[in-house]
Amino acid sequence: MKGFLILLCTFVLAGCATTDERPVLQFGAQMPPGARGTVFPAEQAEEIPRYVYVGQLTGEENFVWPEPKRDTFGGFLRWIAGIVGGEAVPEGLQRPQALVVDNAGRILVTDISRQAVLVFDRQSGRMDIWDKAVGYQGFVAPVGIALGEQQEVYVADAELAIVVRLDADGKTLGSFGRNVLQRPTGVAWDARRKRLYVADTHAHDIKVFAQDGSFVGQLGERGDAAGEFNFPTFLALRDDELYVSDTMNARVQVVGAERGDFRRSIGTRGMYVGNLVRPKGIALDSEGNVYVVESYHDHLLVFNRKGEFLMAVGGGTGQAIGQYYLPSGVLVDSGNRVYLADTFNGRIVVYQFLGGGTENE
């Protein structure tokens with residue numbers, strides 16, 4: 001009993017102490033030996049490296065405690081917590097679909113298996129889970145995600161057939177698209193027109209909504225001609241052009257954001273590296289390179305702005321670096337860091353684009 005009282009007093013005193021120690025987000029927390037610095041193309045290919053492997057996100061295990069500071073109780077408290085509570089199983093990703101990075105540097109990932117948005121928060125040093133869509137209704141199949149004008153978060157739930165609007169803390173601001181959308185997947189925010197584009201996969205078109213959630217109109221219809229779609233999924237927007245992953249037509253179509261007029265097509269159906277079979281995620285970097293996830297063959301493909309194939313960043317089914325298993329979404333942030341939702345491996349794979357030289361001369 002005396003020992004317990006001493007321990008209790010220690011807890012009380014420790015609770016009164018202040019410390020700014022918190023976990024640090026590390027992409028390479030689970031990086032295998034020798035993995036750091038892996039480049040694509042491989043050095044032995046006698047080509048200039050364009051991408052370097054940074055690491056991966058899997059969940060709470062990416063938040064690593066720094067070394068305990070001298071004269072603080074941080075390390076001691078964690079040791080005591082481990083004794084009292086045992087080793088907790090860290091929360092993590094299961095089937096990530098798409099992601100965004102907000103102005104605070106938080107990485108927000110939709111996870112269709114967790115039925116939630118998982119938020120990797122650098123500043124707080126923790127991972128939060130947003131699982132409520134509207135009121136008591138939880139997310140069922142969150143897929144697409146985008147940031148609005150005031151950093152509000154738009155999430156398309158494919159099963160609920162709505163788009164949910166959340167504030168920066170994950171609290172619902174309402175929803176829209178009910179009785180208009182059939183199966184919404186990818187989303188893209190147009191800051192210039194204050195509109196949200198939604199890929200309505202089962203309707204084979206792109207629905208357009210105003211900032212207040214009112215339905216504006218649609219782009220395209222079902223078909224395989226220019227400007228027509230067959231099960232479109234993911235979207236990206238750049239320079240008044242909307243990039244549409246026209247999945248079952250095995251191509252990416254670029255259409256005008258205003259009227260949906262056809263501009264050009266990227267990719268052709270085929271079985272070789274650089275061909276498309278089931279394209280999913282789309283993203284663009286600061287140099288205009290277009291990233292397309294070829295989910296069927298587990299490739300991340302890079303095209304130039306003209307639609308010419310440049311290279312693959314890894315590829316092939318597996319769990320090793322440069323291998324994927326039915327990947328879906330892709331994102332390029334403001335620093336040209338590339339995030340790939342490696343869906344059935346339950347992780348976000350992270351690369352750094354080194355810049356320059358990918359455009360065909």
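1. Strand 12 (residues 153–157) and strand 13 (residues 162–166) pair antiparallel over five bridges. Strands here are DSSP E runs of at least two residues, numbered from the N terminus, and two of them pair if DSSP finds at least two bridges between them. Valine 163 in strand 13 is the bridge partner of alanine 156.

2. This is a predicted model: local features need pLDDT of at least 70, side-chain atom pairs count only at pLDDT 80 or more, and totals for chains, interfaces and linings use all residues. Residues are numbered from 1 along each chain as its sequence is written, and side-chain values use heavy atoms, with hydrogens and water left out.

3. Threonine 185 sits in strand 15 (residues 184–190). Threonine 185 counts as buried because its relative accessibility is 9%; the cut-off is under 20% relative accessible area, with a 1.4 Å probe and protein chains only.

4. What does the side chain of threonine 185 make a polar contact with? The partner is the side chain of threonine 201, at 2.8 Å. A polar contact is a pair of N or O atoms within 3.5 Å; within protein, one must be able to donate a hydrogen and the other to accept it, and residues adjacent in sequence count only if both atoms are side-chain atoms. The backbone oxygen of threonine 233 lies 3.1 Å from a side-chain polar atom of threonine 185.

Note on methods:
Helices (H or I, at least four residues) and strands (E, at least two) are DSSP runs, numbered from the N terminus. Buried means under 20% relative accessible area, exposed over 50%, partly exposed in between (1.4 Å probe, protein chains only).
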